[in-house]
Amino acid sequence: MFKYSFSILLVLVALSGQAQKAKAADTTAVKKDSVKPKTERYGLRVGADGYKLVRSFYDKNYKGLELVGDFKFTRKHYLAAEIGNENKTVQEVNLNFTTKGTYFKVGFDYNTYENWFGMNNMIYVGLRYGVSSFSQTLNSYSIYYANNYFPKPTIQDGTKYDGLSAQWIEVVAGIKVELFKNLYTGFSFRLNNLISNKRPDTFDNLYIPGFNRTYGGNFGAGFNYTLSYFVPIFKTTLKPKEKVVEKKKKKN
């Protein structure tokens, strides 16, 4: 009798173990099904350079506007562009001139920052190709004399030079941080190098819209402070990372 009771007990224990395993498997399946797949947002971020807007109010010699945008097309890569116009009067040692024109820049950014899930912050580097079309107005100038004993006479001119243009390559480094949902602020620093420059007949292009000062050569530098808004266009589902299990080699 004891022998049969012990056998039945073993069968019940085995069946109970199998039932617990099945229940655990069902619970795990329910948990897996209840977890929503993670998605990543892709879209267009548009905004403006706040520095140029603010400067237009306090600097009587400057008026400018720059619109900025980028489009995320991979997890790390963005298409980027800027378009703007500037009207700036510059006083140099021997001349006073006004530069007025528009510019356009297009290129890409690479995000080096590893975001948390659902974020689109950036620490990035990039490249731009810039084109500017502008005019220069020579407001006044003075003739250089080696002997500074006598005061230099200022000659009022007003000659306008139209049809000027420039092209350049721009290296960019910057950051973009989300302040509120979909609202971003950013800063970028640019180093520029002219590849073509159509000048007036009587003086050089000392300032080019979009390029900034030329510093007497092909080199230039600039920066911007941006405020932009991210417009989601589509989402992609993130695939879970598969664990790679290395098989141990059997010893001979």
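1. Start with the aromatic rings: this predicted model holds six aromatic pairs. Rings of Phe, Tyr and Trp (its six-membered ring) count as a pair if their centres lie within 6.5 Å; planes under 30 degrees apart are stacked, over 60 edge-to-face, and the rest tilted.

2. Take Trp168 and Phe211. Their ring centres are 5.5 Å apart and the planes stand at 75 degrees, so this pair is edge-to-face. Trp168 sits in strand E6 (residues 154-180) and Phe211 in the loop between strand E8 (207-208) and E9, so the pair ties together parts 43 residues apart in sequence. Strands here are DSSP runs (E, at least two residues) and helices likewise (H or I, at least four), numbered from the N terminus. Both Trp168 and Phe211 are buried, meaning under 20% relative accessible area, with exposed over 50% and partly exposed in between (1.4 Å probe, protein chains only).

3. Now look at Phe223 and Tyr225. Their centres are 5.9 Å apart with planes at 80 degrees, so they are edge-to-face. Phe223 is partly exposed at 35% relative accessible area, and Tyr225 is partly exposed at 43%. Together with Tyr51 and Phe187, they form one aromatic cluster.

4. Two lysines lie over ring faces: Lys72 over Tyr42, at 5.0 Å from the ring centre, and Lys88 over Tyr207, at 5.6 Å. The test is NZ of Lys or CZ of Arg within 6 Å of the ring centre and within 35 degrees of the ring normal.

5. Trp168 turns up again in the largest nonpolar core. Of its 16 residues, Phe97, Ala166, Trp168, Leu194, Phe203 and Ile208 touch the most other members. Strands E4 (95-111), E5 (122-142), E6 and E8 each give two or more residues, and E6 gives the most, with four. Such a core is a set of buried Ala, Val, Leu, Ile, Met, Phe, Trp, Tyr and Cys residues joined through side-chain atoms within 4.5 Å.

6. Tyr51, Tyr207 and Phe223 also show up at the second largest pocket: they are among the residues nearest its centre, along with Arg55 and Asn212, in a lining of 13. A pocket is an open set of points on a 1 Å grid where a 1.4 Å probe fits, with protein on both sides within 12 Å along at least five of seven lines; lining residues have an atom within 4 Å of a point.

7. On method: residues are numbered from 1 along each chain as its sequence is written, and side-chain values use heavy atoms, without hydrogens or water. Local features need pLDDT of at least 70 and side-chain atom pairs 80 or more, while totals for chains, interfaces and linings use all residues.
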